[in-house]
Amino acid sequence: MTARAELIADTALALLVDRGMRGLTHRAVDEAAGLPQGSTSNHARTREALLEAAVRRLADREARALALEAMPAPDGGRAVLADGLAPTLHRYLTDHRDLLVAPFELAMEATRRPALRAYYNTMGRRFREPLTALMRGAGSADPERHTVSLVAWAEGMMFACAVGSFHPAVPDLAGIRAGVAELLHGLLESPAQAQVAGQAGSVTRGEQ
């Protein structure tokens, strides 16, 4: 992206947070960015193009904030993986709160625009594929399905902290780490181990 393209896309994201989808117009971007009238239209002639620019810029900024490439090697075990994932999520929730609202605005709009939905999903693969590799390396029996669960949990936490009941106070690092560890334990425990644990629990309850 050129410097002007980044400015336009960053301004579009800021407007989504401050004014919602209805407040995002080419004219509003020009005014908020301090650009000559028509600059945004020259860069993104249609609303669809402006939204795609916002999605692309959001993905770039999220990638830098999450830094998934810096995650520890997953073969170090669940504890090591939790130690890597938890600070990443906590940092995103606390230091990048300006990025928390815009994804939900864009995701909702994508449900009404098939072309934007396809583009949004393509950008999303930038994050799903590294996470799937992490889950596979950690010994997941079904890394694609487990990635869905991991992403759903993380996005649920983001929603809660962006606009939901945890908006006033983000859970601390220890709380997020405990949640990640519990989730990974449930996902990565082998079926055989789970079955043995379940049978042991049944026997224990039967003896009471």
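Helices H5 and H9 are oblique to each other, where angles under 35 degrees count as roughly parallel, over 145 as roughly antiparallel, 65 to 115 as roughly perpendicular and the rest as oblique. The model is predicted, so local features need pLDDT of at least 70 and side-chain atom pairs count only at pLDDT 80 or more, while totals for chains, interfaces and linings use all residues. Residues are numbered from 1 along each chain as its sequence is written, and side-chain values use heavy atoms, with hydrogens and water left out.

The angle between H5 (residues 78-95) and H9 (residues 173-188) is about 135°, and their axes are 8 Å apart. Axes are lines fitted to C-alpha atoms, for helices over the stretch in contact, with angles from 0 to 180 degrees between N-to-C directions. The crossing of H5 and H9 is right-handed (the near helix is turned clockwise from the far one by less than a right angle; anticlockwise is left-handed). On the H5 side, the residues that meet H9 are Arg78, Ala79, Leu81, Ala82, Asp83, Leu85, Ala86, Pro87, Leu89, His90 and Leu93. Their counterparts in H9 are Leu173, Ile176, Arg177, Val180, Ala181, Leu184, His185 and Leu188, contact meaning heavy atoms within 4.5 Å. The contact of H5 with H9 comprises 14 nonpolar, 2 polar and 3 charged residues (nonpolar: Ala, Val, Leu, Ile, Met, Phe, Trp, Tyr, Cys and Pro; charged: Asp, Glu, Lys and Arg; polar: the others, Gly among them).

The secondary structure of the protein consists of 10 helices and 0 strands (DSSP runs numbered from the N terminus; helices H or I, at least four residues; strands E, at least two). The C-alpha atoms fill a box of roughly 75 × 30 × 30 Å along the principal axes. Of the 208 residues, 41% count as buried (under 20% relative accessible area; exposed is over 50%, partly exposed in between; 1.4 Å probe, protein chains only). Among contacts with a separation of 6 or more, 67% join residues 24 or more positions apart.

In H2 (residues 26-33), the buried residues include His26, Ala28, Val29, Asp30 and Ala33. Their cover includes H1 (3-19), H3 (39-43) and H4. Glycine 34 follows H2 and has a positive phi, near 70°. Arginine 61 lies in H4 (residues 47-66) and is buried, because its relative accessible area is 18%. Apart from neighbours within four places in sequence, arginine 61 is in contact with Asp10, Leu13, Asp98 and Leu99.

Alanine 102 is in H6 and counts as buried at 1% relative accessibility. Its C-alpha atom is separated by 25 Å from that of alanine 70, 32 residues away along the chain.

The structure holds 1 aromatic pair, formed by phenylalanine 104 and phenylalanine 159 in an edge-to-face arrangement, with 5.3 Å centre to centre and 85° between the planes. Rings of Phe, Tyr and Trp (its six-membered ring) pair if their centres lie within 6.5 Å; planes under 30 degrees apart count as stacked, over 60 as edge-to-face and the rest as tilted. The pair links distant parts of the chain, with phenylalanine 104 in H6 (residues 102-110) and phenylalanine 159 in H8 (residues 143-162), 55 residues apart. Phenylalanine 104 is partly exposed at 25% relative accessibility, and phenylalanine 159 is partly exposed with a relative accessible area of 43%.
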